Amino acid sequence: MSGLLSALVWLPVLAGAAVLVAGAGRRDALARRLALGFSLAIFLLSIPLYTNFDAGTAEMQFTERRVWIEAFNIHYALGVDGIAVPLILLTTLLTVIVVIAGWKAVRERVAQYMAAFLIMEGLMIGVFAALDAVLFYLFWEAMLIPMFLIIGVWGGPNRIYAAVKFFLYTLLGSLLMLVALLYLYNESGGSFVIADHHALPLALLPQQLIFFAFFAAFAVKVPMFPVHTWLPDAHVEAPTGGSVILAAVMLKMGGYGFLRFSLPIAPDASRELAWLMIALSLVAVVYIALVALAQRDMKKLIAYSSISHMGFVTLGLFVFNAQAIEGAVVQMISHGFISGALFLCVGVLYDRMHSRELESYGGIAAPMPVFAAFMVLFAMANSGLPGTSGFVGEFLVILGAFQANAWVAAAAALTLIFGAAYTLWMVKRVVYGKVISDAVAALPDVDAREILFLSVLAGLVLLVGLWPAPLLEVMRASIENLLAHTAVSKLP
Amino acid sequence: MQSLHITAALPEIFLALSACAALLLSAFVAPEKNGAPALWLAVAALLATALLAALGFGGAAGPAFHGMFTDDRPARVMKVAVCVFSAAAFIYGRHYNAALGIFTGEYYVLGMLAVTGMMVMCSAGHLLTLYLGLELMSLCLYAMIAYYRDGALASEAAMKYFVLGALASGMLLYGMSLLYGLTGALELQAVAAALRGGEAGAAHALAVVFIVAAVAFKLGAAPFHMWLPDVYHGAPVSTTAFLAAAPKIAAFALLFRLLAGGLEQLFAMWQQMLLLLALLSVAAGNLIAIAQSNFKRMLAYSAISHMGFLLFGASAGGAAGYAAALFYVLIYALMSLGAFGMVLRLSNGARECERLEDLKGLGARAPWSAFLLLILMLSMSGIPPTAGFFAKLSVIEALVQAGLVWAAVAAVLLAVIGAFYYLRVIKLMYFDSPDHDAGGAAAVPGAAFGVKLLLSFNALIIVAMLPWINALIALCRQVMLHFAGQA
């Protein structure tokens with residue numbers, strides 16, 4: 001199956017170019033159909049990644065390796081482990097959903113919109129599959145360009161501010177990571193292979209500096225408090241599809257970066273600085289949840305809820321036990337489904353009412369019963385109801401945190417209350433109560449297309465919630481390997 | 001060293017003769033008709049010269065003209081780039097020159113002689129050869145700017161450039177004379193040999209200061225950058241496009257020949273100066289560029305910041321540092337050529353694409369041009385997947401390798417500031433709708449198919465070269481290997 005990863009990275013990029021060319025001159029219908037066809041084909045192509053994956057080993061699989069830039073010893077090296085596979089599948093699935101979701105909502109420059117998402121899909125898969133640090137960096141940065149254009153071209157009224165802020169914030173973090181990678185390159189005697197960096201012994205001070213350089217890149221992406229402020233702006237202004245990809249996939253790259261770079265390359269610094277990471281995660285979990293409570297804009301509320309939930313991911317990563325890390329990865333996947341679904345729900349409402357204000361809605365359960373059922377399900381999942389995927393991740397993280405420190409676990413568990421509070425309050429105001437206006441009373445319920453993408457996500461939320469074993473098994477070996485690696489000091 | 005070895009200078013001789021031919025052609029063909037034949041003669045001659053330089057008819061690399069001239073591999077690489085970029089700049093500027101009424105043979109004669117000067121600089125083995133090449137280039141450039149007689153801005157730019165350029169030449173000569181007094185030699189290798197083993201005193205420092213200041217002036221590095229925005233802005237865009245690419249490579253040759261060649265022993269002395277200049281240039285260039293509302297001035301300040309990056313590379317020293325700087329200047333010249341080529345493409349005689357607002361809504365008006373400019377802007381800001389990223393990567397890598405991690409961090413932080421104004425161009429093109437009042441919605445002028453093709457190639461190659469970029473990086477490394485171990 002060698003070549004599969006290359007195909008998964010480059011086919012979407014080529015498909016994007018094809019859609020761009022075929023859809024030029026306002027051939028919108030053709031662009032939509034082509035984009036759907038391509039994204040479905042790529043999703044089907046990505047399934048063998050799961051079915052042919054050997055979960056018994058932590059080795060990289062489906063590897064490809066070729067010398068690219070000999071002068072700097074840069075390789076074109078791809079491969080996946082049990083942590084990357086679910087994230088790649090999440091990416092390919094959500095791209096299909098985003099294409100369907102943008103079917104009617106996007107009317108301007110349709111071909112470019114679809115092409116941007118396809119190209120971004122390829123680049124995101126590249127991030128998860130790269131085994132060479134420069135290749136990783138290349139995909140990591142290149143991914144910003146389509147997202148910048150998506151927010152800037154198809155976004156809301158304040159889109160330019162949001163797009164530029166998003167771009168510069170992430171660029172700043174990434175460039176510091178680049179310096180760290182170059183430092184590692186020199187220390188390791190001229191290698192950009194990530195695995196070589198894992199094995200490289202480092203004194204505590206360089207480890208701490210490297211840790212902070214990586215932190216600048218990954219914490220901005222997650223985003224962690226206090227570098228989260230770009231996210232509400234970006235989410236509110238982005239078109240629905242942009243928000244979905246941003247929340248469901250891009251934020252995961254921060255968590256993935258911690259797993260792939262920070263923890264294994266600077267394990268001693270990670271342990272030394274775990275208190276800081278845990279503290280920042282708890283601030284995100286608790287404080288940002290309170291901020292979410294105060295929002296009037298639905299998208300902003302879900303954006304803050306995302307930050308709060310991603311706090312669980314970073315918390316899970318830095319309490320150093322298998323349960324917590326497994327929980328963090330499950331949380332990443334589950335948050336991908338749930339936040340994606342919630343943004344899609346807001347998109348469904350926005351397409352009809354052109355408002356995201358909570359005040360414009362009320363009692364939509366009467367005109368839109370089917371939609372209300374979906375929305376309530378996703379809201380329950382967001383607040384961590386047992387039986388949904390949201391519960392599994394958070395429960396594992398709290399369980400893991402409890403082994404480390406009961407107080408930390410207790411503080412984290414507060415979010416189950418706050419999360420339920422802001423989510424259910426939102427549902428109460430939007431879905432239940434009296435029908436607030438004639439406009440709301442006249443809302444048409446979801447059509448077949450909308451039911452399609454919402455039910456796919458609903459099915460996955462319940463599947464992972466009720467039967468998480470397939471997901472956990474894929475990643476188990478990789479996570480145990482990672483933990484064993486971080487347990488050994490790298491101090492010389 | 002005692003041989004004349006005249007074939008080493010075959011490319012320069014050929015180009016100078018071609019310039020003479022073009023001059024004769026201009027003398028015998030009516031002024032309104034001699035533009036096109038002179039242009040094609042210049043382009044053909046430049047490409048043939050590039051071929052001659054690439055094939056290295058001088059035989060094995062080595063000194064010629066009793067050490068006045070060296071035909072080595074770095075020189076050949078730089079010469080090929082200088083010729084090819086200049087030829088492209090002439091082609092881009094054709095319609096613009098015709099609209100301005102300066103599409104005449106003399107313009108291209110001056111251009112060819114300027115290129116000859118640059119090539120002499122690339123190959124200089126002697127302080128006087130270096131100066132000769134520099135003056136030949138500079139005097140032709142002054143004239144090319146002033147050639148647009150009806151433009152007040154152009155005359156002002158030429159005057160400013162001439163006065164400040166003369167000052168810089170004076171500084172260079174003063175530094176060289178001090179160096180001659182200290183070492184008793186004018187030949188660069190002899191200078192280096194004389195400095196070897198000796199103690200470096202205050203007089204040496206004085207000489208280095210003057211030489212570095214002159215080099216910084218020619219590169220346009222802060223705080224010697226004052227002339228650059230005015231010249232880029234005032235000169236006819238066709239001249240700016242020429243000015244912004246090949247002469248940068250020549251200025252790098254000046255730096256490389258003088259500092260890495262002649263003054264290698266004083267590395268510790270000039271490294272500090274270059275680092276300071278680099279830091280100032282990247283900071284000043286990027287910060288002031290943000291405040292510009294004129295696209296040409298923005299590109300001028302961006303040039304200053306890019307020269308800062310080049311200086312960062314050179315200050316890292318050693319084969320890796322010089323290779324990084326060479327690679328950087330080659331890629332930068334390619335991008336800069338493309339960017340000014342785009343300005344030329346979007347201008348017609350009546351109205352120049354000058355203000356940033358003129359780019360509003362370009363994404364809707366001319367999607368292909370906007371896409372090319374998008375690539376150029378991303379590459380200039382060093383965002384992958386573009387060649388500009390690898391240029392910055394090699395410089396930063398050289399810095400880290402030389403133990404200058406603080407400089408690497410400063411460089412990348414300032415690069416983020418730089419990204420802002422490049423992004424603004426993208427924003428104007430894609431996020432804003434065209435201005436209807438100021439005529440911003442005017443159609444993009446048509447252009448010859450060949451120009452469009454060349455310009456597209458110019459911009460696309462920046463991305464398309466990536467799978468094979470190793471070849472170029474390795475070439476830069478290889479030609480600089482000779483200078484290894486000097487840092």
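In the predicted model, A:Phe320 is partly exposed, with a relative accessible area of 22%. This residue lies in the loop that links helix H14 (298–317) to helix H15 (322–353) of chain A. Although A:Phe320 is not a glycine, its phi is positive, at about 60°. A positive phi of about 55° is also found at A:Phe62, again not a glycine. A:Phe62 is placed in strand E1 (residues 61–69) of chain A and is buried, its relative accessible area being 11%. Most residues other than glycine have a negative phi, and most peptide bonds are trans.

Cis peptide bonds occur in chain A and in chain B. In chain A, such a bond joins A:Val222 and A:Pro223, with omega about -15°. A:Pro223 belongs to the loop between helix H9 (204–221) and helix H10 (230–237) of that chain. In chain B, the cis bond runs from B:Ala222 to B:Pro223, and omega is near 0°. The loop holding B:Pro223 lies between helix H8 (202–219) and helix H9 (227–234) of chain B.

Chain A as a whole contains 21 helices and two strands. Its radius of gyration is 21 Å, close to the 23 Å given by the globule rule for 492 residues, so chain A is as compact as a globular protein of that length. The C-alpha trace of chain A spans about 70 × 55 × 40 Å along its principal axes. Of the 492 residues in chain A, 66% are buried. Among contacts in chain A with a separation of 6 or more, 81% are between residues 24 or more positions apart. The accessible surface of chain A is about 15,700 Å², and carbon and sulfur atoms account for 67% of it.

Technical notes
Residues are numbered from 1 along each chain as its sequence is written. Chains are lettered from A and ligands numbered from 1 in the order in which they are written. This is a predicted model: local features need pLDDT of at least 70, side-chain atom pairs count only at pLDDT 80 or more; totals for chains, interfaces and linings use all residues. Side-chain values use heavy atoms; hydrogens and water are left out. Helices (H or I, at least four residues) and strands (E, at least two) are DSSP runs, numbered from the N terminus. The radius of gyration is taken over C-alpha atoms; the globule rule is 2.2 Å times the number of residues to the power 0.38. Buried means under 20% relative accessible area, exposed over 50%, partly exposed in between (1.4 Å probe, protein chains only). Contact means heavy atoms within 4.5 Å. Accessible areas come from the Shrake-Rupley method with a 1.4 Å probe; for residues, only the protein chains shown count as cover.
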